[in-house]
Amino acid sequence: MLRPARANQSRRQVSEGKSIPAPVGGWDAVSALADMPEDRAVALVNWFPSTTDVRVRRGHQIQCGGMGTGVVDSLLVYNGLTSAASKLFAATDSKIYDVSSSGTAVVTDRTGLANNRWQYVNFTTSAGKYLWCCNGADTPIHYSGSAWAQPSITGITSSDIINVNGHKNRLWFVLKDSTKAAYLATGAIAGAATTFELGGLFTAGGYLVAMATWTRDGGAGPDDLAVFVSSRGQAAVYAGTDPASATTWELIGVYDVGPPIGYRCFVKVGAELMLVNLDGVLPLSKGLVLDRAAQSQVTITLNINSAMNEAARSYKGNFGWELTPYSKGTMAILNVPIQEGQTQQQYVMNTITGAWCKFTGMNANCWAVYRDDLYFGGNDGFVYEADTTGLDLVTPIDAIGQGAYNYYDMRGRLKQWKMLQPLLTTDSDARPALGISTDFRDNASLGTPSSSTTLSALYDTAIYDTDIYAIESRTVADWTSIAGVGQCAAIHFRARTGRESGVSIWGVSDWGEDQWSYSVSGDVVMRLNGFNVIHENGGFF
């Protein structure tokens, strides 16, 4: 006789496998947890999302010391006619130092300065190339490739110049705590300055913060526009060449944007002019055609808007905000000063895919790209080279991630997770720590990852610049037991680079310390390509 099935009879459990991609879509701080794309991550700290995988970021090492223990507030890059003629300078301890070569910084003849927070521009005239710098407290200075000098500026109080921009072969200045800009004659680096009042356009009040050149077609040309932004978030846009002539200088419009953060709020990323403001990082080509309420939807920080907005509102008054494009690393690095002069972190975007992540462990007060390499000024009187080693000095890099919650194509069905296989490409013997959390409870049990312990080549037998870093990469695909029950689950993953053994260099320092050590390590490669997961399907709820 046939009997009706019981209403509470459980379905037979069936083991199934599923492949989960690495979160190359990056850190997602805007999607609902229940509806996040599977290639995104709830958290992605010190993992950089490339086009095909996520990889542990590279570390940093000392570039220069010998500048005391104060905060390095500015890195100034002089772009010479050749790479050899270029220079990197650091401002700290009321001085400007030459930090172009690794080792001990060389103090220049610029000492006794009132302010270390310099804004600058590289400007070329018929007389040569100049690094033109201002800080709103000292008389402006410029570097010609061989010497520093103070340009003689008349018509304004030159120490009031707090920001500078080169536009249509003319230097423009922002005057501190004012609605006035000023400009020099075409091709001039000194001489008489003419003021340009913008206060009548800034109906929301405030003062002028910055000026930039907006190149709408991606290159320099006659259609380049001048953009002036106020502290209250109004942008005045002009077209033309000569502001003294009504026939060659025209106001295009005044637009509402989010209030800018700091004097270093404008930066070009590729062909686009970006504005760092309270609403995110806004590309002007998209933002100025929209009402401010809609501008957040076109910011490049859209995927991390909630985190960006919280950081902007919490730390907007701290010095250290700036966006630095780093082409060699396909990165745009947004520095976020959590505690001014002490603690910073970075929100980092892949400039190819637009995916974001967060970097910690690099307390950087300012950033610069010099000869295509990445540098930052620390809070301790040192300049560091970043993206260069497998360690942060001698500290392992701890990378933590949490993928999106995934229903494994069966919403509403109970599942039990059993096994997890990471597909990790590495050049070391390190192993990741893995865990899984269920139903948005963040209940993963995540252990400590193992670190690398060996170096594949010895210092006295390898060619230092090549062989010591040539460690063969291999794929780690070990299955790990996991335990979790629920409708959906998120994979947690943690990796750590380790101190390499075999090489230590010791010596007496040039900056007053008795002894220093540096462990040379291979570039520990850790690239997460994805996961394979085995789970059992249970019954419906």
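This is a predicted model: local features need pLDDT of at least 70, side-chain atom pairs count only at pLDDT 80 or more; totals for chains, interfaces and linings use all residues.
Local features were taken at pLDDT of at least 70 and side-chain atom pairs at pLDDT 80 or more, while totals for chains, interfaces and linings use all residues. Residues are numbered from 1 along each chain as its sequence is written, and side-chain values use heavy atoms, with hydrogens and water left out.

Strands are DSSP runs (E, at least two residues) numbered from the N terminus, and two strands are taken to pair if DSSP finds at least two bridges between them. Strand β3 (residues 40-45) pairs with strand β2 (residues 26-27) in the parallel sense over two bridges. Within this pair, A41 in β3 stands opposite W27. Strand β3 is also joined to strand β38 (residues 398-403), here through four bridges and in an antiparallel arrangement. The bridge partner of V45 is I400 in β38.

An open sheet of five strands has the order β10-β6-β35-β34-β33, and its pairing is mixed. The edges are formed by β10 (103-104) and β33 (364-370); each has a single partner strand, so one side of each is left without a neighbour in the sheet. Inside this order, β6 (residues 61-65) and β35 (residues 383-385) pair in the antiparallel sense over three bridges. Y384 in β35 stands opposite I62.

Three cavities of 30 Å³ or more were found in a search of the whole structure. A cavity is a set of points, on a 1 Å grid over the protein atoms alone, where a 1.4 Å probe fits but cannot get out; lining residues have an atom within 4 Å of a point. Grid points are joined across faces, edges and corners, and a volume is the space filled by probe spheres set on the points.

The largest cavity has a volume of about 100 Å³. It is lined by 13 residues, of which I20, E38, G403, A404 and I491 are the closest to its centre. At least two lining residues come from each of β1 (14-21) and β43 (489-496), and β43 gives the largest share, three residues. By class (Ala, Val, Leu, Ile, Met, Phe, Trp, Tyr, Cys and Pro nonpolar; Asp, Glu, Lys and Arg charged; the others, Gly among them, polar), this lining comprises nine nonpolar, two polar and two charged residues.

The second largest cavity holds about 60 Å³ of space. Its lining consists of R57, R58, M331, I333, F359, M362, W367, L374, A386 and D387. Seven of these residues are nonpolar, three are charged and none is polar.

Terms used: On a 1 Å grid over the protein atoms alone, a cavity is a set of points where a 1.4 Å probe fits but cannot get out, and a pocket is an open set with protein on both sides within 12 Å along at least five of seven lines; lining residues have an atom within 4 Å of a point.
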